[in-house]
Structures are given as C-alpha cells and as structure tokens.
Amino acid sequence: MSDIQSCGIICPTDWVPLPLDPADDVKRWAKRTATELCERSSAAGYGLDAGALRKDLRRWAEDSRDRAPLYGFAFYPDGFDSALALLEVEVIRPDDTVPRLSLDWLADTFTTHEFGPPRISHPEVPIGPAVRLRQNFAADGMSRGPGVLLHTVTYGILPDGTDNAVVLLVSWTAPGIDEEIEDSADSIARTVTVGF
C-alpha cells in the first residue's frame, strides 16, 4: 500500500481557505481576504464591518493553525462578518499504536457521547469506503464559549490503494443552519482526492 502524498478538496467560494503554513503572513492575508469578502457581500447587497471581519478571519486562522490540519476553511456566506462554520482536513497514518486503520477505529476515535449517541452512517464517496458521524458536544476554544453546543459532521475515509485515512471535520455553533452545513459537508466530502 502507498502513503498519501497529496490530498485535494473542492469547496464552494463561501468556504474561505485559511493560511496554515507557518510562513504565511496571517495579518496581511486577513486584510486582503476581508477586502474581498466585503466586496463580494457589497455586490450581493450587504454591508460588512471590515475591521470585525479582519479580526474574525485572524482568529479562525490562528485557531486552526494550532491544530495543524492539512487544510482549513471558514464558512463566510454573503452578509456575515464572522464565520458560521469551520472545515478541517487531515491525513492519518497507521503507527505502532494503531497499526491498521479501519472504519470502526475511525468511528470509535472520533465519537463522543456527551449529548447522546452519534448518528453513524456509511455513505459512498468516490475515493473509498467512509464513515460519517453526526454529533453534538460542548464547545470550547477560540470563539466558542462555555455553554455553547458544537455541532459536527465528521467523515473518516479509507481511500483505495492506501492504508492511510482522510478525516474531514465540519463544526458549527450557529443555530438553524444544520441542514445547510450538513448538505455542504456531504457535497465537499465527495470531492476529496488523494495522490500517492
């Protein structure tokens, strides 16, 4: 079996790629990206606070960098100066502690039972078998304070031709957007590609 050397993903334009490389200038990126998002929202008839948007972009980029995923995206639909969701992708490789990755191991590892059992399914994705977890748990960290419910969709994918796994995690706290975010997560998961 081959190791994954590259991984690709296609996200709609309202999912903004975060600068995760330590060499990236987050301040400069946030300023440029805030300008672009303000222009996009203005064209759609919305006014945004560029300063608040810049600050929010920086917070999400720095928060995602702390976890060092392969990819990170923040969801900024037109008219919003704060991200409504976060998407991160990582590659997991077997090691001495977990010599063989499986869908059951991925489900067990990424499951929490804080607010009841997760909804687990096994959807078809083009690159190989997958497990999908939909669950909620108590939020912590960056802009999610105590007493906030964190909603998540996690895809654990075992791409054909490798013993590595790809994990895609989408999380959000905003109420009333579950269906939209879940649909987006499902669509994005189907775009994941890998190279060996």
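1. In this predicted model, G156 has V167 in strand β9 as its bridge partner. The pairing behind that contact joins strand β8, residues 149-157, to β9 in the antiparallel sense, over seven bridges.

2. Strand β9 also pairs with strand β4, residues 85-92; these two run antiparallel and are joined by eight bridges. Within this pairing, L87 stands opposite V170 of β9.

3. How much of β9 is covered? Seven of the eight residues in this strand, which spans residues 165-172, are buried. Buried here means under 20% relative accessible area.

4. Helix α4 covers residues 178-189, twelve in number. From first C-alpha to last, the helix reaches 16 Å, close to the 16 Å expected at 1.5 Å a residue.

5. The protein chain as a whole holds four helices and ten strands. Along the sequence their order is β-β-α-α-β-β-α-β-β-β-β-β-α-β. The radius of gyration is 17 Å, close to the 16 Å that the globule rule gives for 196 residues, so the chain is as compact as a globular protein of that length. Along the principal axes, the C-alpha atoms fill a box of roughly 50 × 35 × 25 Å.

6. Of the 196 residues, 46% are buried. Among contacts with a separation of 6 or more, 63% are between residues 24 or more positions apart. The accessible surface of the chain comes to about 10000 Å², and carbon and sulfur atoms account for 50% of that surface.

Definitions and conventions: Residues numbered from 1 in each chain as written. Predicted model: local features only at pLDDT ≥ 70, side-chain atom pairs only at ≥ 80, totals over all residues. Heavy atoms only, no water. Buried < 20%, exposed > 50% of the residue type's maximum accessible area, 1.4 Å probe, protein only. Pairing = 2+ DSSP bridges. Expected span 1.5 Å × (residues − 1). Rg over C-alpha atoms; globule rule 2.2 N^0.38 Å. Contact = heavy atoms within 4.5 Å. Areas by Shrake-Rupley, 256 points an atom, 1.4 Å probe, with all protein chains shown as cover.
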